[in-house]
Amino acid sequence: MVSFEMSDRKKIGLGLTAFGVFFSFLGIIFFFDKGLLAMGNILFISGVTLTIGLKSTMQFFMKRQNFKGTISFFVGFFFVVIGWPILGMILEAYGFIVLFSGFWPTLAVFIQRIPILGWVFQQPFIRSWLDRNQGKRVPV
């Protein structure tokens, strides 16, 4: 089993990321409240930056294959801030999917280890779909 140290900076970063997702969820539930959505975006971006570091964050967002996702995500963030939350969230969702499409197989393996969700993901039809799509990027 692999163990890794979790520094205080990473713990705070994961907490900020979780709060960012929570505030974004609340913003969507409360009919695209732009204040909650903007707060969620700020917390999410700052949490990711604290978790993986400033240099790694910049490298991740500036990769050539991530340009479409980066531009879409930050244009969506801009639209949320200026008061067009629905359009902003659509652009952010597209950017999020493009940026993090390489992490879906890793996420699927993690979810398979969670007690109740793991049972669902172990079902033959879901398992075969995951095996077929493992390692593929979302086409853009």
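The model is a predicted one. It holds eight helices and zero strands, and 31% of the 140 residues count as buried. The topics below go from the whole chain down to single residues.

**Overall architecture**

- Read from the N terminus, the elements follow the order α-α-α-α-α-α-α-α.
- The C-alpha trace spans about 45 × 35 × 35 Å when laid along its principal axes.

**The largest pocket**

- Helix 1 provides the largest share of the lining, with seven residues.
- By residue class, the lining of the largest pocket has 16 nonpolar residues, seven polar ones and one charged one.

**A nonpolar patch on the surface**

- Turning to the outside, you will find a nonpolar surface patch formed by Leu54, Met58, Met62, Phe67, Ile71 and Val75, which together have about 560 Å² of accessible area.
- Helix 3 (54–61) and helix 4 (67–82) are the elements that give two or more residues to the nonpolar patch.
- The most comes from helix 4, which gives three residues to the patch.
- Valine 75, one of the patch members, is found in helix 4.
- Valine 75 counts as partly exposed because its relative accessibility is 34%, a value between the 20% and 50% cut-offs.

- Most residues other than glycine have a negative phi.
- Against that background, phenylalanine 31 is worth a look: its phi is positive, near 55°, and it is not a glycine.
- Phenylalanine 31 lies in the loop that joins helix 1 and helix 2, and its relative accessible area of 77% makes it exposed.
- Next comes phenylalanine 32, also not a glycine, with a positive phi of about 55°.
- The loop between helix 1 and helix 2 is the place of phenylalanine 32 too.
- Phenylalanine 32 has 28% relative accessibility, so it counts as partly exposed, since exposed residues need to be over 50%.

**Two arginines in loops**

- Arginine 64 sits in the loop between helix 3 and helix 4.
- With a relative accessible area of 70%, arginine 64 is exposed.
- From C-alpha to C-alpha, arginine 64 and isoleucine 116 are 38 Å apart in space, and 52 residues separate them in sequence.
- Arginine 113 is placed in the loop between helix 6 and helix 7 (115–121).
- Arginine 113 counts as exposed because its relative accessibility is 68%, which is over the 50% cut-off.
- Arginine 113 and arginine 9 are 104 residues apart in sequence, with 26 Å between their C-alpha atoms.

Methods. Residues numbered from 1 in each chain as written. Predicted model: local features only at pLDDT ≥ 70, side-chain atom pairs only at ≥ 80, totals over all residues. Heavy atoms only, no water. Helix = DSSP H or I, 4+ residues; strand = E, 2+ residues; numbered from the N terminus. Nonpolar A, V, L, I, M, F, W, Y, C, P; charged D, E, K, R; others polar. Buried < 20%, exposed > 50% of the residue type's maximum accessible area, 1.4 Å probe, protein only. Patch = residues over 30% accessible without salt bridge, like charges linked within 9 Å, V, L, I, M, F, W, Y side chains within 5 Å. Areas by Shrake-Rupley, 256 points an atom, 1.4 Å probe, with all protein chains shown as cover. Salt bridge = Lys/Arg side-chain N within 4 Å of Asp/Glu carboxyl O.
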